[in-house]
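Morning, everyone. I have one structure to show you today. Please take a look at it before I start.

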Amino acid sequence: MFMESAASGKRRNAGLDTFARCAMMRAGMKPKALYILDTSSFEMIYGPEEQAAIASQVQLLDQPFTRQQCAEHLDQLREVEVIFSGWFAPVMDEKFLAAAPKLKAVFYGSGTIRSFVTEAFWKRGIVVTSAYAANAIPVAEYILATTLFSLKRGWSQARETRQQHKFVRQVAPGAYRSTVGLISLGQIGKLVLDRLRTFDVRQVVYSTSLTPATAAKLGVESVSLDQLFRESDVISLHTPALPETKGMITGAHFAAMKPNATFINTARGAVVRETEMIEVLTRRPDIQAVLDVTDPEPPKPESPLYTLPNVVLTPHIAGSQNNECRRMGHYMVEELGRYLAGQPLKWQINQELAAKLA
């Protein structure tokens with residue numbers, strides 16, 4: 001007897017689902033949908049324009065639910081086929097999924113989906129798409145701005161000028177033929193590379209997945225992690241926090257940094273051995289750290305990161321904020337259109353990709 005594999009079964013079911021969606025749209029039927037996310041996230045991500053576009057294509061069953069309201073009224077999920085969400089999405093475990101037997105797709109208007117997907121979710125073969133690519137844009141903009149300011153040694157020069165009550169100019173590399181090093185090359189790293197192309201800087205990259213052919217195509221140099229720290233005037237970390245990357249950046253890397261170089265972290269604090277970093281920053285006042293993420297986050301009240309003069313802390317602001325969040329909602333509106341038309345989703349995430357994203 002012919003036995004269908006799980007993978008081929010999912011593909012066949014996906015084809016049937018696509019056919020059914022298209023048939024429903026032709027018949028004027030709309031999938032039943034619900035927003036589930038916290039109130040502030042809903043208001044930031046799904047503005048009037050995004051809400052109107054979604055309402056024209058689905059049948060909304062109720063007002064937006066928070067995660068807590070959803071947990072208290074699981075019966076409201078019985079007819080739901082599509083969920084729109086964002087920060088503070090409900091954990092979609094076996095109990096949740098049992099209450100939502102018709103759920104076919106989740107449109108997540110934010111970045112990483114790790115906080116709510118489960119093994120049971122993947123086994124159900126539910127489609128999930130995320131606005132991680134939209135969220136990457138402001139992160140890349142933050143990194144570009146920080147990189148250019150760092151090449152002027154702006155942090156140090158501003159601090160010294162304020163302390164000495166006179167203009168203090170230091171030798172700075174500037175943005176002409178300086179070296180910018182990127183650690184990992186995912187969605188954010190590629191956006192940063194693209195934005196840096198308009199500047200006369202040398203770009204070096206450490207990435208275990210970067211092939212010589214791809215490096216040549218991108219116009220970058222593939223280097224070891226040690227070489228990147230030794231040669232870069234600015235270093236930007238983009239590595240996701242995975243078991244194999246925890247503590248990947250060590251004190252020895254910071255100790256090897258060029259005089260007056262800057263380290264930027266918009267990825268995850270756990271990738272850096274923070275105690276070792278602090279020790280080097282304490283004895284190397286010439287190097288600068290700009291940290292948008294730490295481990296823990298925020299740092300403990302007694303952390304030297306608050307008082308070290310060569311550390312700039314920002315409160316995890318590199319990602320989408322305020323108006324930028326509407327871009328994420330817009331990405332989900334576009335994905336909904338593709339989904340209903342039976343077209344491939346541009347930002348769909350499978351289990352393998354989810355394990356790699358920050």
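This is a predicted model: local features need pLDDT of at least 70, side-chain atom pairs count only at pLDDT 80 or more; totals for chains, interfaces and linings use all residues.

In what order do its five strands run? The order is 2-1-3-4-5, the sheet is open, and the pairing is parallel. A quick reminder: strands of a sheet pair through backbone hydrogen bonds, and they can do so parallel or antiparallel.

Strand 1 covers residues 32-36, and strand 3 covers residues 82-85. They pair in the parallel sense, over four bridges. Find Ala33: opposite it, in strand 3, stands Val82.

Which strands does helix 14 touch? It packs on the sheet and touches strand 3, strand 4 and strand 5. Its direction makes about 155 degrees with that of strand 4, residues 105-108.

Helix 14, residues 323-340, also meets helix 7, residues 132-151. Their axes come within 8 Å and cross at roughly 150 degrees. Angles over 145 count as roughly antiparallel, so helix 7 and helix 14 are roughly antiparallel to each other. The crossing is right-handed.

Who makes the contact? From helix 7, it is Ala133, Ala134, Asn135, Ile137, Pro138 and Glu141. From helix 14, it is Glu324, Arg327, Met328 and Tyr331. By class, that gives six nonpolar, one polar and three charged residues.

Conventions:
Residues are numbered from 1 along each chain as its sequence is written. Side-chain values use heavy atoms; hydrogens and water are left out. Axes are lines fitted to C-alpha atoms, for helices over the stretch in contact, and angles run from 0 to 180 degrees between N-to-C directions. Helices (H or I, at least four residues) and strands (E, at least two) are DSSP runs, numbered from the N terminus. Angles under 35 degrees count as roughly parallel, over 145 as roughly antiparallel, 65 to 115 as roughly perpendicular and the rest as oblique. A crossing is left-handed if the near helix is turned anticlockwise from the far one by less than a right angle, and right-handed if clockwise. Contact means heavy atoms within 4.5 Å. Ala, Val, Leu, Ile, Met, Phe, Trp, Tyr, Cys and Pro count as nonpolar, Asp, Glu, Lys and Arg as charged, and the others, Gly among them, as polar. Two strands pair if DSSP finds at least two bridges between them.
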